Amino acid sequence: IVGEINPMSADSRHALYPRPAHGSGGRLMRILGMEEYDYLRTFDRENLCLVEWSDTAATMAAERIMAASSGRSLILLGGRVKKAFGFKASPFTTLKCGEVAVAFLPHPSGRCRHWNMKSAVQLARSAVRRVGVAIP
């Protein structure tokens, strides 16, 4: 799972961590219908930037992640992440980029309006399953 930045910690182990529950990682865990243990065991989590957002640093991180992801699945969260990877896909869609399966989800922040759609949770879970990730 690739996110933007963690404003609470520059420690990469805290990227999209499920606590606090109201944070992006906690929201995403609930959206995907997962328990904390399974969420942490299932996903490698990474943010493109550690301290502050930089388009240049984000693009460089995206290139590094993509190069290391052959045969794997990526779940990209939000428009800035999608842009850093060079994609223009719509939320809840998937695609294959060489040997990498990619799912695009809206950022799981409390401010993203895509999550207000009644079908958003179902669409998110479906997209994650389409890239080969087993979730409830």
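Predicted model: local features only at pLDDT ≥ 70, side-chain atom pairs only at ≥ 80, totals over all residues.

**Cavity, pockets, cores and backbone**

The largest cavity in this structure has a volume of about 30 Å³. A search of the whole structure finds one cavity of 30 Å³ or more. Which residues line this cavity? They are Asn6, Ser9, Ala10, Asp11, Ser12, Ala15, Asn47, Cys49 and Leu50. By class, that lining has four nonpolar, four polar and one charged residues.

Now the pockets. The largest pocket has a volume of about 530 Å³. Its lining is made of 22 residues, and those nearest the centre are Ile5, Asn6, Pro7, Gly23 and Ser24. Among the elements, α1 gives the most to the lining of the largest pocket, with three residues. Sorted by class, the lining of this pocket has six nonpolar, 12 polar and four charged residues.

Let me stay with Gly23 for a moment. Gly23 sits in the loop between β1 and α1. Is Gly23 buried or exposed? Gly23 has a relative accessible area of 17%, and buried means under 20%, so Gly23 counts as buried. Between the C-alpha atoms of Gly23 and Ile5 the separation is 12 Å, and the two residues are 18 apart along the chain.

The second largest pocket has a volume of about 340 Å³. There are 16 residues in its lining, with Ile1, Asp44, Arg72, Ser73 and Leu74 nearest its centre. Of the elements, β3 gives the most, with three residues. The lining of the second largest pocket divides into eight nonpolar, three polar and five charged residues.

In soluble globular proteins, nonpolar side chains tend to be buried together. The largest nonpolar core in this model has 24 residues. Which of them have the most contacts inside the core? They are Ile1, Leu32, Tyr39, Phe43, Ile75 and Leu105. At least two residues of this core come from each of α1, β3, β5 and α5. The largest share is that of α5, with four residues. To take one member, Leu32 touches Phe43, Arg125, Val128, Ile135 and Pro136, leaving out residues up to four places away in sequence. Another core lies apart from the largest one; it has 19 residues, including Ile65, Leu74, Phe85 and Ala89.

After α1 comes Gly33, with a positive phi near 70°.

That brings me to the backbone. Most residues other than glycine have a negative phi, and most peptide bonds are trans. Where in the chain is Leu16, a residue with a positive phi near 50°? Leu16 lies in the loop between β1 and α1, and Leu16 is buried, with a relative accessible area of 7%. Phe92 is likewise not a glycine, and has a positive phi of about 75°. You will find Phe92 in the loop between α4, residues 79–85, and β4. Phe92 is buried, its relative accessible area being 8%.

There is also a cis peptide bond to point out. It runs from Arg19 to Pro20, and its omega is near 0°. Pro20 is in the loop between β1, residues 2–3, and α1, residues 24–31.

Last, the pairing of two strands. How many bridges join β4 to β5? Four bridges join them, and β4, residues 94–97, runs antiparallel to β5, residues 100–105. One of the residues in a bridge is Cys97, whose partner in β5 is Val100. The two strands form a hairpin with two residues between them, and Gly98 in the turn has a positive phi of about 65°.

That is what I have for today.

Key:
Residues numbered from 1 in each chain as written. Heavy atoms only, no water. Pairing = 2+ DSSP bridges. Buried < 20%, exposed > 50% of the residue type's maximum accessible area, 1.4 Å probe, protein only. 1 Å grid on protein atoms, 1.4 Å probe; cavity = no way out; pocket = protein on both sides within 12 Å on 5 of 7 lines; lining within 4 Å. Points joined across faces, edges and corners; volume = space filled by probe spheres on them. Nonpolar A, V, L, I, M, F, W, Y, C, P; charged D, E, K, R; others polar. Core = buried A, V, L, I, M, F, W, Y, C linked by side-chain atoms within 4.5 Å. Contact = heavy atoms within 4.5 Å.
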